[in-house]
Amino acid sequence: MRQHVRPGTAVPVPLAPAATDPAELEREAGVARLFELHYASMLRLAVLLGADDPENVVAEAYYQIYRKWRRLRDTEAAEAYLRSTVCNLTRMRIRHLQVARKHVEAPPIELVASAESTALLHDDQRVLIDALQQLPARQREALVLRHWLGLKESEIASAMGISCGSVKTHTARGLAALTQAMEARR
């Protein structure tokens, strides 16, 4: 049976065909559950690590875990995989921007924080965030993962792709530099 549509009227089109494969249904449900539980914390993580576009970094991380869902050995480890992906994507984005800025002749345009990023940060945290942004990337990552997320050294090492000894070094140096920077601002 044909449906009559008036000219100028939008015809609703389904975004994607409904999944019928049980593995596909499990993947969609798993990623949706992961999104509901961890989106806000992953967005905060990207902000604290210094991402200039945290929403896009987190969206890319969810896209990557969606693509690789069937290859996950343990779906319970999906949060750790997601956290590691956010760290890696943020690091890559910062590196890319540093290289791009070196090759730009005009002064860099000051980036404006998104509404979501601004809403996440309270006024009393701004000084701390500014001091964190001055730290080298590895020290900042180690401190955020340790003190904000409360991860163990082995989890931090896994997320950053470094040894536990390096985690200790980056954390100690970052904490010392952060303490010095905070005391200098008083």
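**Helix packing and a cavity**

Tutor: Happy to! The axes of H1 and H3 come within 11 Å and cross at roughly 30°. Axes here are lines fitted to C-alpha atoms, for helices over the stretch in contact, and angles run from 0 to 180 degrees between N-to-C directions. Helices (H or I, at least four residues) are DSSP runs, numbered from the N terminus. This is a predicted model, where local features need pLDDT of at least 70 and side-chain atom pairs count only at pLDDT 80 or more, while totals for chains, interfaces and linings use all residues. Residues are numbered from 1 along each chain as its sequence is written, and side-chain values use heavy atoms, with hydrogens and water left out.

Student: So are H1 and H3 parallel or perpendicular to each other?

Tutor: They are roughly parallel, therefore H1 and H3 get that label; angles under 35 degrees count as roughly parallel, over 145 as roughly antiparallel, 65 to 115 as roughly perpendicular and the rest as oblique.

Student: Which residues in H1 and H3 meet?

Tutor: From H1 there are Leu34, His38, Met42, Leu45 and Ala46, and they meet Ala78, Glu79, Leu82, Arg83, Val86, Cys87 and Thr90 in H3. Contact means heavy atoms within 4.5 Å. By class, this contact of H1 with H3 has eight nonpolar, two polar and two charged residues. Ala, Val, Leu, Ile, Met, Phe, Trp, Tyr, Cys and Pro count as nonpolar, Asp, Glu, Lys and Arg as charged, and the others, Gly among them, as polar.

Student: Now H1 and H2: what angle do they pack at?

Tutor: About 155°, for helix H1 (residues 22-48) and helix H2 (residues 54-67), with their axes 9 Å apart. That makes H1 roughly antiparallel to H2. The contact involves, among them, Leu34, Phe35 and Met42 of H1 and Val57, Val58 and Tyr62 of H2. Its classes are 14 nonpolar, one polar and five charged residues.

Student: And what about H6 and H8, how do their axes cross?

Tutor: At roughly 95°, with the axes of H6 and helix H8 (residues 164-185) coming within 8 Å. H6 and H8 are therefore roughly perpendicular to each other. In H6, Arg138, Gln139, Ala142, Leu143 and His147 meet residues of H8 including Val167, His170 and Leu178. The contact of H6 with H8 has six nonpolar, five polar and two charged residues.

Student: Where does Ile162 sit?

Tutor: Ile162 is in the loop between helix H7 (153-160) and H8. Leaving out residues up to four places away in sequence, Ile162 touches Arg138, Ala157, Val167 and His170. Ile162 and Arg138 are 24 residues apart in sequence, and 9.9 Å apart in space, C-alpha to C-alpha.

Student: Which residues line the largest cavity?

Tutor: Leu49, Cys87, Thr90, Arg91, Ile94, Ala137, Arg140 and Glu141. The largest share of that lining, four residues, comes from H3. The lining divides into four nonpolar, one polar and three charged residues.

Note on methods. 1 Å grid on protein atoms, 1.4 Å probe; cavity = no way out; pocket = protein on both sides within 12 Å on 5 of 7 lines; lining within 4 Å. Helix = DSSP H or I, 4+ residues; strand = E, 2+ residues; numbered from the N terminus.
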